[in-house]
Amino acid sequence: MSAKVLDGKRIALQIRSEIAERVLAFRERKGVAPCLAAILVGDDPASQVYVRNKEIACSKAGMDSKLFRLPAATNTEDLLKLLETLNADTTIHGILVQLPLPSHIDQRRVLDAVSPEKDVDAFAPENVGLISQGRPRYLPCTPHGVLQLLHRCGIPLSGVEVVVVGRSDIVGKPLVSMCLQKEGPGGASNANATVTCCHSQTRNLGEVTRRADVLIAAMGRAGAITADMVKPGAVVIDVGINREGDRLVGDVDFDAVSQVASAITPVPGGIGPLTIAMLLENTLVAAEFATNARRS
Ligand code: NDP
């Protein structure tokens, strides 16, 4: 079997063009552009590239973005002060703190200080709680990208066995929570899965992953999902991004798993582009919330 390659880049472009149309209509209606503030602390080269890509994506969608570039020596209090200002600034609709922060900064305190209304990454406890109760304000960007890809490729989740490998607050846990809901971003067929979550303490990982109709890897371990861990005909979603020399590779052994799976996402060109598209979606939603709230 040779798996169908699910083209995340193409789907992301489609979503971005839909968002650009909605942004145009929003600007005509409200007379302002949605605006994302990004905070970048330090000189991590990968973070600089990510933030730059987000800025470009905003601009192509007709949105504004403001980059706050701070030196690596910035401390927690400085960041909290900046967030207070940005939270109060009505011209800014979404706030993004690029991770990782330098280790001397209290990341939890900083993320908790982002106003839940502007929390376009959906990290705030209030937003996490709303997702878990099935009434999201924002959907976290990478898990939302995974669900959009499955929906737009016509791959239903309802009633199927989903196995998520990884339990981070950013990817694994919110994915589990979203797959479990009765309604997904693409309706009831884009949710209602039977979900298992694996992590580094899971025994016999391969036995568990082989149960999956849809296997989602978010481990940060290059090539860790091998062909013998995949049920023949399964759909395999690779969230992992790992650097090997100057190459980016996923958590899935792409060539070998392609011989077993029915469909698979590549790295790069799979979930990465969708993550940025869903950030734009959240920024637009944030601007809609803010301007509606102000009018009433
Ligand atoms: P974390 O390091 O925060 O979490 C990794 C998770 O994988 C943990 O829950 C860990 O378990 C689990 N894990 C690690 N090794 C194993 C193993 N051998 N067997 C089973 N479980 C294991 O990473 P993130 O969730 O932030 O990111 C995961 C990957 O996704 C990374 O490669 C990251 O770069 C990528 N990523 C990609 C994005 C995109 O846009 N495509 C966006 C965000 C992340 P435990 O909890 O027990 O430690």
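Modeller: Helix 10 (residues 271–295) gives the most to the shell around the ligand, with 3 residues. Helices (H or I, at least four residues) and strands (E, at least two) are DSSP runs, numbered from the N terminus. This is a predicted model, where local features need pLDDT of at least 70 and side-chain atom pairs count only at pLDDT 80 or more, while totals for chains, interfaces and linings use all residues. Residues are numbered from 1 along each chain as its sequence is written, and side-chain values use heavy atoms, with hydrogens and water left out.

Biologist: Which residues come nearest to the ligand?

Modeller: Arg-167, Ser-168, Ser-200, Ile-241 and Thr-275, out of 20 residues around the ligand. A residue is near if one of its heavy atoms lies within 4 Å.

Biologist: What is the make-up of the shell by class?

Modeller: The shell has 8 nonpolar, 10 polar and 2 charged residues. Ala, Val, Leu, Ile, Met, Phe, Trp, Tyr, Cys and Pro count as nonpolar, Asp, Glu, Lys and Arg as charged, and the others, Gly among them, as polar.

Biologist: How much of the ligand does the protein cover?

Modeller: 70% of the 920 Å² of accessible area that the ligand has on its own, by the Shrake-Rupley method with a 1.4 Å probe.

Biologist: Switching to strand 7, which way do its residues point?

Modeller: In strand 7 (residues 214–217), Val-214 and Ile-216 point one way and Leu-215 and Ala-217 the other. All are buried, meaning under 20% relative accessible area (1.4 Å probe, protein chains only).

Biologist: What does strand 7 pair with?

Modeller: Strand 5 (residues 161–165) runs parallel to strand 7, joined by 4 bridges, with Val-162 partnered by Val-214. Strand 8 (residues 235–238) also pairs with strand 7 in the parallel sense, over 4 bridges, and there Ala-217 has Asp-238 as its partner. Pairing needs at least two DSSP bridges between the strands.

Biologist: Last one, Thr-209: buried or exposed?

Modeller: Thr-209 counts as buried because its relative accessibility is 0%. Thr-209 lies in helix 8 (residues 205–209). A polar atom of its side chain is 3.1 Å from the backbone oxygen of Gly-206, and one is 2.7 Å from the backbone oxygen of Met-229.

Technical notes:
Buried < 20%, exposed > 50% of the residue type's maximum accessible area, 1.4 Å probe, protein only. Polar contact = N/O pair within 3.5 Å; in protein donor to acceptor, adjacent residues only side chain to side chain.
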